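Here is a short briefing on one protein model. Look at the sequence and the fold first, then read the points below.

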Amino acid sequence: MSLRPVVKIVKGVPASDGDGVRLTRMLGTQEAQMFDPFLMLDCFDNDQASDYMGGFPDHPHRGFETVTYMLEGRMRHRDNTGREGIIGPGGIQWMRAGRGIVHSEMPEQSEGRMRGFQLWVNLPAKLKMSEPGYSEFESDAIPVEARAGGVTVKVISGVTTPPDGGAGTAGPIGGGAVDALYFDVVLPAGTRFEEPVDDERNAMLAVYEGQVRVAGGKIDALSGVFLGQGDTVLVEAITDARVLLIAGRPIGEPVFWHGPFVMNSRDEIVQAFEDFQAGKF
Ligand code: MN
């Protein structure tokens, strides 16, 4: 076994997106640019309606996937293909923007806490212009694996590899184009989470509650932890803690990213703007 070392720890950066939604950007910043195949990770956690009510009115995407995971609150999405739905507490939406979609993501509440994440997952060139599509699962359709000491692993994407050699738990998302692992791990103080993650994947942690130790270093919420090569991820909880483990196979292609479009060349970005303005999404 070789534990993955910590390559970089980056504190989340306060940001505002959509129509004034306050959030913490943990990937996709100057300090933490893309981590192939992942482009961006936002954590939103607001008690005040004024910090989320603006939501994310109509906007386009092309060339990648967005993964929304709600912890608390409800978000309504609606798009130009006529699809509409609500992501509730503990639920996820894995959306392939592909060749293009225009959608809105708006709070379905006017008070209370709204808390969750949005991850952007890049697509390889051969899938950037694919048909848009969705996978959506409510909380009770997403399995939670119990581990020693009260550790739980909610399996959104991919399959776990329990250290006791037991059968793994499969999430409702098979991993998508990059074989993504996306686990939400809850650790009581003093417990540990150990997970084999093969070195063909890049792996990161998003510590979003409490304090943990990874490869000897103490890490506080809200931080992105970028891991190096090895075959096993180990997280030790100093306090009660919650951590996302996100891993996927790097795509290794050129990335031209402009706002809501992520393509392989400058020409393709120009084309995306032209197509969007011509109403071709
Ligand atoms: Mn969006």
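**Core, hairpin and one buried threonine**

The largest nonpolar core has 29 residues, and Leu41, Phe117 and Tyr182 touch the most other members. Such a core is a set of buried Ala, Val, Leu, Ile, Met, Phe, Trp, Tyr and Cys residues joined through side-chain atoms within 4.5 Å. Buried means under 20% relative accessible area (1.4 Å probe, protein chains only).

This is a predicted model: local features need pLDDT of at least 70, side-chain atom pairs count only at pLDDT 80 or more, and totals for chains, interfaces and linings use all residues. Residues are numbered from 1 along each chain as its sequence is written, and side-chain values use heavy atoms, without hydrogens and water.

- Tyr182 touches residues including Trp94, Phe117 and Leu244, not counting residues up to four places away in sequence. Contact means heavy atoms within 4.5 Å.
- A second, separate core has 24 residues, among them Val155, Leu181, Ala203 and Val212.

**The hairpin**
- Strands β18 (residues 211-214) and β19 (residues 217-220) run antiparallel, joined by four bridges. Two strands pair if DSSP finds at least two bridges between them.
- Val212 has Ile219 in β19 as its bridge partner.
- Two residues separate β18 and β19 in this hairpin, and Ala215 in the turn has a positive phi of about 50 degrees.

**Thr24**
- Thr24 lies in strand β3.
- Thr24 counts as buried because its relative accessible area is 17%.
- Thr24 touches Gly12, Val13, Leu41, Asp42, Cys43 and Leu222, not counting residues up to four places away in sequence.

Methods
Buried means under 20% relative accessible area, exposed over 50%, partly exposed in between (1.4 Å probe, protein chains only).
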